[in-house]
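Okay, thanks for coming, everyone. I'd like to walk you through one model today, strand by strand. Have a look at it first.

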Amino acid sequence: MTLRLMPLVGALAILAALASCGSSSGPAAPPGDDGGAAICGCTGANAEDLTTQTSVTVNFGGASGLNYVPKCILVAPGTQVSFEGDFATHPLSPTEGSGNPITHTASGTTAAFIFSAPGAYGYRCDVHFASGMCGAVYVQ
Ligand SMILES: [Cu+2]
C-alpha cells in the first residue's frame, strides 16, 4: 500500500514546485515607464498616485480656474474618474491614448468614465487648452 502511494506523493511534490515557480513574474515597470511622451506636462512618474481609490474626482473651472485638479493622476484599472465642472464653458475632449474612455462632453456638470485598460490617456478643454487646460490619466 505504502509503495503504491509513493509515485502519487512524488507527483504532488513536483506539481507544488511547478505552481510556486509559475507564480513568479518579472519586476513591475515603474509608474511612468510607458515609453511615451509627456501628456500636457504629465508623465506617469509625476502623476498623483491614487491607485488605492476606486473612484476619483477631477474638478475644473469655477474655483479651480482654467485647470483640472488634480491634473496628472495615476489610477488602478477599473477606476471611475468623474469630471465635475461646467462642460458648456469647458467642453471636454479626449486626446492621447488608444481606447481612451473619455468621450466628448459639452453639456452638464458631471461626467464619469471607467478606465479599464492600462495605458496613458489625455484630455483637454476645447476652449482653453492653449492656456494649458488639459490633463492626463495614467492607468496601471
Ligand atoms: Cu476651459
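Let me start with a question: which residue stands opposite Ala-136 in E9? That would be Gly-122. Here, strands (E, at least two residues) and helices (H or I, at least four residues) are DSSP runs, numbered from the N terminus.

Some housekeeping before we go on. This is a predicted model, so local features need pLDDT of at least 70, side-chain atom pairs count only at pLDDT 80 or more, and totals for chains, interfaces and linings use all residues. Residues are numbered from 1 along each chain as its sequence is written.

How confident is the predictor? The average pLDDT, meaning the predictor's confidence in each residue from 0 to 100, is 84 for the protein, and 75% of the residues score at least 70. Over residues 8-33, though, the pLDDT is below 50. Beyond near neighbours in sequence, that stretch has 10 contacts in the model, a contact being two residues whose C-beta atoms, placed from the backbone, lie within 7 Å.

Two strands pair if DSSP finds at least two bridges between them.

Walk across it with me. E1, residues 48-49, is joined to E4 by two bridges, and those two run parallel; Glu-48 sits opposite Ile-73 in E4. Then E4 and E9 (residues 134-139) are joined by four bridges, also running parallel, and there Leu-74 stands opposite Tyr-138. Between E8 (residues 119-125) and E9 there are six bridges, and that pair is antiparallel.

Buried means 20 or more other C-beta atoms within 10 Å of the residue's own; 12 or fewer is exposed, and in between is partly exposed, with C-beta atoms placed from the backbone.

Is Leu-92 buried or exposed? It's buried, because there are 24 other C-beta atoms within 10 Å. Leaving out residues up to four places away in sequence, its contacts include Phe-83, Ala-111 and Tyr-123. Leu-92 and Val-127 are 35 residues apart along the chain, and their C-alpha atoms are separated by 9.0 Å.

Now the other sheet I want to show: an open one of four strands, ordered E3-E2-E5-E7, again with mixed pairing. E3 (68-69) and E7 (110-115) are at the edges with a single partner strand each, so one side of each has no neighbour in the sheet. E5, residues 79-84, pairs with E7 in the antiparallel sense over six bridges, and Phe-83 has Ala-111 as its bridge partner in E7.

Last, two backbone details. The peptide bond from Val-69 to Pro-70 is cis, with omega near -5°, and Pro-70 is found in the loop between E3 and E4. Then there's Cys-40, in the loop between helix H1 (2-22) and E1: its phi is positive, about 55°, although it is not a glycine. Cys-40 counts as partly exposed because it has 18 C-beta neighbours inside 10 Å.

That's my tour, thanks.
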